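Hi,

Here's the structure I promised to pass on.

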Amino acid sequence: MSDLFDYDAELRLHNEHFRAAAGVGSRDHVLDIGCGTGQSTREAARAVGQGSAVGVDLSAPMLARARRFSDDQGLHNITHQQADAQTHRFPPARFDLCVSRFGTMFFADPVAAFTNIGRALRPAGRLVLLVWQERDRNEWATAIRRSLTAASAPPDGPDPFSLADPAVTEGILTAAGFAEIGFTDVHEPVHYGQDSATAFDAVLRLWEFRDLLADLDAAAADGARTRLRTTLDAHVSAEGVHFDSRAWIVTARRP
């Protein structure tokens with residue numbers, strides 16, 4: 001069994017909205033930030049035809065899988081790079097479109113990161129992001145966390161909800177030189193598997209929840225696992241294990 005969480009399965013419904021919003025053109029050169037195992041990069045590569053797609057991520061294991069999938073599917077207009085998008089020297093004004101599916105919430109300095117990404121876009125180049133709305137609007141975060149710990153404060157470390165506030169995100173993108181910034185609500189469930197046993201294994205591959213268990217003693221961890229199974233059982237339907245979620249599609253353009 002792979003240690004990598006299957007984000008493609010989790011986000012299948014979100015991805016349909018994201019792909020439509022990206023509107024990849026047949027000659028576009030596309031940059032995919034935080035590409036993970038590369039689903040969105042491969043979709044862009046298939047759409048561009050005579051263009052190209054570049055997927056960037058920090059995770060070597062995810063990029064290895066992305067390269068394998070691209071090779072298996074015969075996609076020759078796609079490359080993958082292990083790099084930090086905040087500091088990596090992208091070719092200036094190279095790309096027509098930058099996309100990111102939940103890959104831009106963890107920058108140490110978001111203004112610097114989006115400024116760097118903006119330099120890689122040609123004039124009038126587009127930015128299309130998918131980011132989470134507030135934690136309390138995402139049942140997958142709140143319900144699962146409550147089953148694992150009684151603490152009310154969010155965990156330390158990377159914040160998947162750092163771009164949840166449209167005013168904050170618009171301020172970051174404006175400071176980074178973007179214009180025509182817009183937000184579209186996406187209200188779809190996340191999917192963790194066809195049954196609660198599969199969902200249990202999947203959830204504990206997510207760093208936020210895995211780390212919560214790691215901080216507990218053996219007895220507390222056993223109790224948390226039991227509560228997690230109960231929570232997952234309560235979310236089983238004929239379509240699988242789903243939790244409610246809310247996200248934003250954020251669009252912007254380089255002037």
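Let's begin with Ala44: once you set aside the neighbours within four places in sequence, Ala44 is in contact with Val24, Val30 and Ala53. One thing to keep in mind throughout is that this is a predicted model. You'll find Ala44 in helix α3, which covers residues 39-48. Its relative accessibility is 5%, and since anything under 20% counts as buried, Ala44 is buried.

Next, a pair of helices. Two packed helices are described by the angle between their axes and the distance between the axes. So how do α8 and α10 cross, and at roughly what angle? Helix α8 is residues 196-203 and helix α10 is residues 218-233; their axes come within 9 Å and cross at roughly 125 degrees. The crossing of α8 past α10 is right-handed. On the α8 side, the contact is made by Ser196, Ala199, Phe200 and Val203, while α10 brings in Arg225, Leu228, Arg229, Leu232 and Asp233. Sorted by type, the residues of this contact are five nonpolar, one polar and three charged.

Now for Arg246, which lies in strand β10 (residues 246-253). Is this arginine buried or exposed? Arg246 counts as buried, because its relative accessibility is 17% and the cut-off for buried is under 20%. Which side chain does the side chain of Arg246 make a polar contact with? The partner is Asp185, at 2.8 Å. Leaving out residues up to four places away in sequence, Arg246 touches Asp185 along with Trp132, Gln133, Arg137, Asn138, Val186 and His187.

Ala93 has a phi near 50 degrees, which is a positive value in a residue other than glycine. Ala93 sits in the loop between β3 (78-82) and β4 (95-101), and at 41% relative accessibility it counts as partly exposed. Phe102 also has a positive phi without being a glycine, near 60 degrees. Phe102 is in the loop between β4 and α5 (110-120), and with a relative accessible area of 10% it is buried.

How values were computed. Residues are numbered from 1 along each chain as its sequence is written. This is a predicted model: local features need pLDDT of at least 70, side-chain atom pairs count only at pLDDT 80 or more; totals for chains, interfaces and linings use all residues. Side-chain values use heavy atoms; hydrogens and water are left out. Axes are lines fitted to C-alpha atoms, for helices over the stretch in contact, and angles run from 0 to 180 degrees between N-to-C directions. Helices (H or I, at least four residues) and strands (E, at least two) are DSSP runs, numbered from the N terminus. A crossing is left-handed if the near helix is turned anticlockwise from the far one by less than a right angle, and right-handed if clockwise. Contact means heavy atoms within 4.5 Å. Ala, Val, Leu, Ile, Met, Phe, Trp, Tyr, Cys and Pro count as nonpolar, Asp, Glu, Lys and Arg as charged, and the others, Gly among them, as polar. Buried means under 20% relative accessible area, exposed over 50%, partly exposed in between (1.4 Å probe, protein chains only). A polar contact is a pair of N or O atoms within 3.5 Å; within protein, one must be able to donate a hydrogen and the other to accept it, and residues adjacent in sequence count only if both atoms are side-chain atoms.
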